[in-house]
Amino acid sequence: MSDSKPTNSTPSAQPPVEHSAVEINPPRKVAAGLPAIVSTFKAAWSETGIVRGVRTLLSLNQTGGVDCPGCAWPEPDVERSHFEFCENGAKHIADEATTKRVTPEFFNQWSVADLSLQSDQWLGAQGRITHPMLLRRDATHYEPVEWEEAFSLIAGELNALESPDQAIFYTSGRTSNEAAFLYQLFVRQFGTNNLPDCSNMCHESSGTALNETIGVGKGTVRLEDFDQAQAIFVIGQNPGTNHPRMLTSLERAKRNGCKLVHINPLPEAGMIRFKHPQDVLGLFGNGTALADLFLQVKINGDVALLKGISKAVLAAEERKPGAVLDHDFIEKYTSGYGEFTTALQAVKWDEIVDLSGVSRNLIEEAAQIFIGSERTIFCWAMGLTQHQNAVANIQEIVNLMLLRGQVGKPGAGVCPVRGHSNVQGDRTVGIWERPTSAFLDSLAHEFDFEPPRRHGYDTVRAIQAMHDRQAKVFFALGGNFLSATPDTEFTAAGLRRCRLTAHVSTKLNRAHLVTGETALILPCLGRTEIDEQKTGPQFVTTENSMGVVQISRGSLPPASPHLLSEPQIVARLAEATLGTRTTVNWQALASDYNQIRNHIEHVVPGFSDYNQRIQRPAGFYLPNAARERDFKTSDGKARFTVHALPAHDLAPGQFLMMTIRSHDQFNTSVYSLNDRYRGISNGRRVVFLNEADILDAGLQPRQQVDLVSHFGDAERVAHKFTVVPYDIPRGCAATYFPEANVLVPIGSVAEKSNTPASKSVVISIRPS
Ligand code: SF4
């Protein structure tokens with residue numbers, strides 16, 4: 001990108017079209033190994049310098065060190081190596097601990113409109129924001145602002161609203177337990193439950209599905225269960241890119257004789273073969289072959305496929321009565337078995353094969369692995385959760401697992417793998433637009449106030465409320481709301497209609513550029529930095545995917561003396577906004593995080609002796625009733641459920657598209673234009689298509705095309721994507737997000753969970 005001259009044009013909500021030619025090479029069949037090490041150290045050294053880089057990496061995921069701000073994969077409870085991180089973890093750390101700075105001079109030089117013409121990668125690469133910045137109404141440039149003025153400006157806007165429900169308070173999954181708890185307390189004392197979070201866009205479907213069927217909205221396994229499992233199914237997930245250290249657990253399981261089944265529309269390097277970067281033999285040998293069986297399911301063919309496996313299991317039971325199903329478990333712990341089996345008998349194999357795109361033989365082979373295992377784990381991620389029938393996807397896994405009593409025993413269970421380090425913890429401590437009465441009662445009792453009881457907006461409803469001018473102030477504790485959300489132009493229009501948008505951030509992103517009438521950037525400390533408060537240095541806590549609460553403590557000096565910690569920002573905003581209306585001593589809490597943890601202990605079940613137990617080297621586990629076969633559902637049983645087979649009536653020339661992440665990307669943070677494992681370099685505007693579909697559509701490999709999504713009567717267009725022939729089922733397409741978010745209709749959401757259906761987008765393709 002060139003140093004463009006300032007303009008007065010409306011800032012662009014979408015990243016610019018790349019002008020360089022995309023390089024396409026054969027995809028890799030091995031994950032990690034030497035290239036991962038090279039990439040790790042390149043990232044760490046180039047951004048942070050050798051001394052800072054080594055210091056930070058050696059404390060990453062160590063007991064009492066920095067909890068990786070990347071995904072939520074857990075660390076071993078005992079015996080951690082000195083290198084408990086992956087290539088991606090190193091990139092996240094380098095990204096945060098960079099020595100580059102975005103100063104007031106930088107903002108003086110660049111107008112907001114001109115910044116919006118830069119790529120997301122370029123924006124993130126400019127470095128850490130050093131000062132609070134204000135974009136005044138009609139101004140073209142951000143200017144520095146004192147913290148006091150920033151808080152009083154936000155407080156003024158909040159207090160001028162006709163109703164607290166006209167404000168939206170978003171949370172990203174990086175936020176610590178302490179900051180999240182304070183934040184929800186402030187928001188509820190202000191008077192609303194408008195607390196959307198990134199979970200609304202990822203594992204909300206898992207939480208909804210699991211709560212209904214096993215009575216807990218989280219997974220039931222621990223890391224140690226992977227060592228005991230005899231079969232692990234990984235479905236709708238790409239661990240090599242999105243949860244890389246999970247490959248270490250899978251490799252160990254494999255060496256213990258465990259069978260691995262991968263179910264996904266794309267073959268992914270990580271599940272084919274893995275070279276452990278810390279193992280000399282693994283590094284220089286051929287690595288370990290991982291998946292024993294790969295089922296290349298069509299996009300959203302999972303319900304059909306899972307029904308097929310269940311059907312094959314029931315057929316095996318018919319052949320050998322009493323030898324396949326766990327009748328004692330079904331009898332004692334479940335409900336709905338009869339309705340489930342009756343409905344399944346009516347499903348035809350032809351439909352299963354047609355809708356899943358997988359042959360009956362392969363489905364039966366998967367069923368044999370399932371039947372042959374006494375201890376089975378099912379893992380999944382966004383591949384299952386972002387469809388209109390996402391809740392059904394996950395509940396079909398539960399059905400299958402209940403047939404053989406694979407929940408609530410060692411080495412077995414369900415495992416939704418979370419993509420952001422504390423997304424699970426934030427929900428646990430109260431970030432939820434639909435809080436339970438029990439939680440609100442506890443909060444009311446602890447802080448002597450009456451919290452609002454009406455439900456708030458989730459992410460999709462928040463966007464619609466801004467768009468409809470029902471919401472006028474948008475505040476984000478972390479994240480890149482504009483790029484993470486669906487229907488980019490619709491979301492951008494909503495943000496532009498706000499009176500004020502404010503973001504607590506460490507680095508520049510597109511959400512700072514598409515703003516309300518007035519906008520603020522409030523720069524905060526990163527996880528890697530020392531958090532010094534009046535009572536001394538503080539640490540924060542997070543909860544990983546398996547319910548372990550642990551310490552995260554930074555050791556680097558802050559990127560700027562003007563940064564505040566997230567708890568301080570929340571506390572000072574609360575003081576400015578609530579004035580004498582509050583029952584809370586905010587400064588006392590923000591000066592001593594032990595006090596916040598004491599309150600969490602009183603309000604949230606499972607945190608007894610929080611400040612004592614958190615000092616244990618590996619933290620502590622939160623209770624998980626389903627793990628103990630105590631199913632806290634509406635009827636006290638684990639519930640079989642019945643779901644229709646979802647079908648997509650694609651017109652000729654239409655494809656079902658899913659958005660995916662590249663290997664050099666963490667959620668909305670794009671680190672480079674390369675996707676090493678899939679053989680793509682120098683570009684991100686690509687559409688992966690089956691070679692036969694390219695031919696049938698009269699297209700050419702490498703041709704530039706526009707993608708058009710169809711929902712109701714509306715069409716949405718994403719311009720200038722390069723056609724890449726790829727091993728993907730016919731009728732399917734894959735594109736990177738956030739570039740393709742513009743195609744995801746705001747109204748296309750999962751039933752019950754309201755999660756955007758970003759992996760079931762109907763598109764057609766036309767030459768650019
Ligand atoms: S696996 Fe996830 S949590 Fe672990 S180092 Fe990698 S990105 Fe961080």
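Student: Which strands does H8 lie across?
Tutor: H8 lies across S21 and S22, and runs at about 90° to S21. The model is predicted, so local features need pLDDT of at least 70 and side-chain atom pairs 80 or more, while totals for chains, interfaces and linings use all residues. Residues are numbered from 1 along each chain as its sequence is written, and side-chain values use heavy atoms, leaving out hydrogens and water.

Student: What are H and S here?
Tutor: They're DSSP runs numbered from the N terminus: helices are H or I with at least four residues, strands are E with at least two.

Student: OK, the sheet. What's the strand order?
Tutor: S21-S22-S23, an open sheet of three strands with antiparallel pairing. Strands pair if DSSP finds at least two bridges between them. S21 (540-543) and S23 (620-621) are the edge strands, each with a single partner, so one side of each has no neighbour in the sheet.

Student: How many bridges join S21 to S22?
Tutor: Four, and the two strands run antiparallel. Thr542, for instance, has Gln550 in S22 as its bridge partner.

Student: Back to H8. At what angle does it pack with H29?
Tutor: H8 (residues 177-190) and H29 (residues 593-603) pack at about 65°, with axes 10 Å apart. Axes are lines fitted to C-alpha atoms, for helices over the stretch in contact, and angles run from 0 to 180 degrees between N-to-C directions.

Student: Who touches whom?
Tutor: On H8, Asn177, Glu178, Phe181 and Leu182; on H29, residues including Tyr593, Ile596 and Arg597. Contact means heavy atoms within 4.5 Å.
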